[in-house]
Amino acid sequence: MISQGRMDEADVMIDRISPLHCSGDDKLKLTRLYRKRGRYTEAETLCLRLLDDFQGKDYGLGFVYDTLADIYKIQGLNIKAERFERQALACEQQMYGEFSINALLGSIQLARILSRQARYDEAEALLSDVTELLKQRESEVSSLALYARFHLAWVWLNQGRTELSIQEALEIIKLTAKAQGAQSREYIERVENLRSLWGINLDGTEFNASDIADEITQPE
């Protein structure tokens, strides 16, 4: 764990960097540092300035749009986040193609923002398309495919399709264990999400707070 002293030291180091004397790419990195430190107003201000600098440059512009979407999403400003995520997605599609991995990842991020606004039907349509495309382009156990499917299962849960959602979530966790290992960050996070969002354990039983100390084991 990083001590408060080290965190304060990091802020001091960031404050020594003058955006006025940074290149465009360095300014992009600085916005990420501001965001990680929770300095959202400074990150937003710098990003908005960068929009003019990167006009006509899809890579830099897409990065700025994506950073702005992230800043607003963290603060729960989902309408603003959606606006900039759509613009970031348009840049990704322009640069890499409509069905590129970058664009598909952008579609997943957009679906997550739509879900935060309870626009589950729109999120489901996006995630279903992405999942199908990833199955064709990669494999059903690729990291991005499992990522998309897990969010789709969560959307189904919010649509009231509980049984289908649980079956899909459990299947994805099994596939994650096989593809990435039961000690992987993705697997552990999905088990935790299963408990916190679905309220169940790996064996389908109801999750109780006392279960959190149980050892996480690989499903059969």
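# A walk through a chain of helices

Let's start at one residue: A118 is partly exposed, because its relative accessible area comes to 47% and this class spans the values between buried (under 20%) and exposed (over 50%), with a 1.4 Å probe and protein chains only. A118 sits in the loop that joins α6 (101–116) to α7 (120–137). Its phi is near 60 degrees, which is a positive value in a residue that is not glycine.

Before going further, some ground rules: the model is predicted, local features need pLDDT of at least 70, side-chain atom pairs count only at pLDDT 80 or more, and totals for chains, interfaces and linings use all residues. Residues are numbered from 1 along each chain as its sequence is written, and side-chain values use heavy atoms, with hydrogens and water left out.

Now step back to the whole chain. What does the chain contain in helices and strands? There are 10 helices and 0 strands, where helices are DSSP runs of H or I with at least four residues, strands are runs of E with at least two, and numbering starts at the N terminus. Along the sequence, the pattern reads α-α-α-α-α-α-α-α-α-α. Of the 220 residues in the chain, 40% are buried. Among contacts (heavy atoms within 4.5 Å) with a separation of 6 or more, 52% are between residues 24 or more positions apart.

Which residues does V64 touch, leaving aside neighbours within four places in sequence? V64 is in contact with L28, C47, L50, L51 and F54.

The model has 11 salt bridges, each a side-chain nitrogen of Lys or Arg within 4 Å of a carboxyl oxygen of Asp or Glu. In one of them, R32 pairs with D66, with the closest N and O atoms 3.4 Å apart. Because R32 is in helix α2 and D66 is in helix α4, the pair ties together parts that lie 34 residues apart in sequence. D66 is partly exposed, at 27% relative accessibility. Look around this pair and you will find a network of salt bridges that links R32, R35, D66 and D70.

E82 and R119 meet at 2.6 Å, N to O. This pair links distant parts of the chain, as E82 lies in helix α5 and R119 in the loop between α6 and α7, 37 residues apart. Is E82 buried or exposed? E82 is buried, because its relative accessible area is 10%, whereas R119 is partly exposed at 24%. The other salt bridge joins R161 and E124, 2.7 Å from N to O. R161 is in the loop between α8 (143–158) and α9 (162–180), E124 is in helix α7, and the two are 37 residues apart. R161 counts as partly exposed, with a relative accessible area of 34%, while E124 is buried at 17%.

Finally, turn to the open space. The largest pocket has a volume of about 450 Å³. On a 1 Å grid over the protein atoms alone, a pocket is an open set of points where a 1.4 Å probe fits, with protein on both sides within 12 Å along at least five of seven lines, and lining residues have an atom within 4 Å of a point. Grid points are joined across faces, edges and corners, and the volume is the space filled by probe spheres set on them. The lining has 16 residues, and R112, Y147, F150, H151 and N193 lie nearest the centre of the pocket. Helices α6, α8 and α10 (185–198) each give two or more residues to this lining, with α10 giving the most, at 6 residues. Helix α10 is also the place of R195, which is buried with a relative accessible area of 11%. R195 and F207 are 12 residues apart in sequence, and their C-alpha atoms are 5.9 Å apart in space.
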